[in-house]
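Here's a quick briefing to read alongside the structure. Have the sequence and the model open, and follow the topics in turn.

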Amino acid sequence: SGRWIKAMELVTEFEEKCATPIWKLRQVADAMTVEMHAGLASEGGSKLKMLISYVDNLPTGKEKGLFYALDLGGTNFRVLRVQLGGKDSGIVNQQFEEVSIPPSLMTGTSDALFDYIAAELAKFVAQEGMDFQLTPGRQRELGFTFSFPVMQSSIASGTLLRWTKGFSIDDAVGQDVVAELTKAMERQGLDMRVSALVNDTIGTLAGGRYTNNDVVAAVILGTGSNAAYVERAHAIPKWHGLLPKSGEMVINMEWGNFRSAHLPLTEYDHALDADSLNPGEQIYEKLISGMYLGEIVRRVLCRMAEEAAFFGDIVPPKLKVPFILRTPVMSAMHQDTSPELKVVADKLKNILEISNTSLKMRKVIVELCNIVATRGARLSAAGVLGILKKMGRDAVKEGEKQRTVIAMDGGLFEHYEEYRRCLENSLNELLGQEVTETIVVEHSNDGSGIGAALLAASHSQYL
Ligand code: ADP
Ligand code: MG
């Protein structure tokens, strides 16, 4: 029928605009490398902030003692404690707890957010058992993983540049987030010192390095997306401080804010961006990360309903609700292996209140999920290639047997198998067989929290 033809036209047009042929991925990777150079050259030199983390030493394995970490950066936050045994003993004991953040606190005041976090942390500390041992006479120390753009002024201080991922708390912008947390801990009567302020990428890099010396970069694909890597200190022109003894500095790229004319943006992406809490910002993140993939699919479906009556004469009202189609639902539909696409049918019914779909329609919906996930995964592979190029690890050097490990984490990478497979395949395709053999993408499960605790240990006030 005419409606079906019109709907298929919309799908085809969308698919064409989302295309990521290998030459385009190379353009994106090259643009990423160029922006990395620009961001390192001067403050404000690029959309890529290339923030200096003040982490110039990654964990060695010798760290020792009881340390806490607090991981804030999305819909949940986690508190954890680790007992580090020092050389040869590694992590002797660990415990964690995950707490969801009430949505109202994501757009409230700084005090309300930090009071809530500090209260949960205090509860967790109060439950510390005999199987954890603080060195007598010491204050408890914490690594704070805060995964939003922060301009650091030392390893344990930094001001919030802006919020991302659905957070919007105006009075916190420009504040030192460590001071905010410390004040809230004092209000709770919690005696604890923040020894390291990092984000999830730096934490993941540190956690990965603790167990594997070849880890040189980390990528997070969760609600948002970001990357960090180890840079040579003298390759950072904007750094005017002393050269670190190690000769290296970990750079927090804030790659979510990358943008380039080479990115395949569609009208749906432009509309999503315009309606977001941070229009014009985090354009790359809005193409590749978990917060947005399902929403892109919803927007295309909504258009198909409106302009091609894809779901019949009326547009299903739920389909008009922004963010109602979450990425975990999208991935469940995408990976539905039942012959009748029963998962797709169930999700449509339960979440969008759409019933009576034909198998043919459900196949189209799976295809839409595939288009959006494939574009995201391939673009993130291009970003990884950009980092490898910057580090000079995108080619095999004669006579060298260098191994490069990239630690990856985040709910999207962890749970969306098709996305992850596509990312890894695309990276291999970009690198070619010989180089692929030297590069390992490793899932660093929950490295970010442990990594922050490790960095608190290596930056302890008692060293
Ligand atoms: P955060 O990024 O908020 O710190 P996570 O790393 O746990 O937290 O990532 C959570 C995100 O991962 C969710 O917002 C969602 O987008 C994505 N995600 C979680 N589960 C799945 C899933 N089964 N399939 C696809 N994406 C998922
Ligand atoms: Mg996280």
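Helix H6 (residues 200–211) lies across S9, strand S10 (225–232), strand S11 (248–252), S12 and S13, running at about 135° to S9. Contact here is when C-beta atoms, placed from the backbone, lie within 7 Å, and the angle, on a scale from 0 to 180 degrees, is between N-to-C directions of lines fitted to C-alpha atoms, for helices over the stretch in contact. Helices (H or I, at least four residues) and strands (E, at least two) are DSSP runs, numbered from the N terminus.

Keep in mind that this is a predicted model: local features need pLDDT of at least 70, side-chain atom pairs count only at pLDDT 80 or more, and totals for chains, interfaces and linings use all residues. Residues are numbered from 1 along each chain as its sequence is written, while chains are lettered from A and ligands numbered from 1 in the order in which they are written.

- The six strands form an open sheet with mixed pairing, in the order S1-S11-S10-S9-S12-S13; two strands pair if DSSP finds at least two bridges between them.
- S1 (51–52) and S13 (439–443) sit at the edges with a single partner strand each, so one side of each has no neighbour in the sheet.
- S9 (residues 215–221) and S12 (residues 404–409) run parallel, joined by five bridges, and Val-215 has Val-405 of S12 as its bridge partner.
- S10 and S11 run antiparallel over five bridges, with Ala-228 opposite Asn-252 in S11.
- S1 and S11 are also antiparallel, with two bridges; Leu-51 has Asn-252 as its bridge partner in S11.

- In helix H5 (residues 177–187), the buried residues include Val-177, Leu-181 and Met-185.
- Those buried H5 residues pack against helix H4 (110–126) and strands S5 (140–146), S6 (150–154), S7 (157–160) and S8 (192–198).
- Just after H5, Gly-189 has a positive phi of about 70°.

- Tyr-54 isn't a glycine, yet its phi is positive at about 65°; you'll find Tyr-54 in the loop between S1 and strand S2 (64–72).
- Tyr-54 counts as buried because it has 22 C-beta neighbours inside 10 Å.
- Gln-282 also isn't a glycine, and its phi is positive, near 55°; its place is the loop between helix H7 (267–274) and helix H8 (283–288).
- Gln-282 counts as buried because it has 29 C-beta neighbours inside 10 Å.

**Around ligand 1**
- Of the 15 residues around ligand 1, Gly-74, Gly-222, Gly-290, Gly-411 and His-415 come nearest; a residue is near if its C-beta atom, placed from the backbone, lies within 6 Å.
- Helices H9 (290–308), H10 (327–334) and H13 (411–415) are the elements giving two or more residues to that shell.

**UniProt annotations**
- The unreviewed UniProt entry annotates "domain: Hexokinase N-terminal" at residues 11–210; positions are in the numbering used here, feature names are shortened, and annotations may be inferred rather than shown by experiment.
- Residues 11–210 are 35% helix and 27% strand, with end C-alpha atoms 46 Å apart.
- UniProt (unreviewed entry) also places "domain: Hexokinase C-terminal" at residues 217–457, where the chain is 49% helix and 12% strand and the end C-alpha atoms are 21 Å apart.

Terms used: Contact = placed C-beta atoms within 7 Å. Buried ≥ 20, exposed ≤ 12 C-beta atoms within 10 Å, placed from the backbone.
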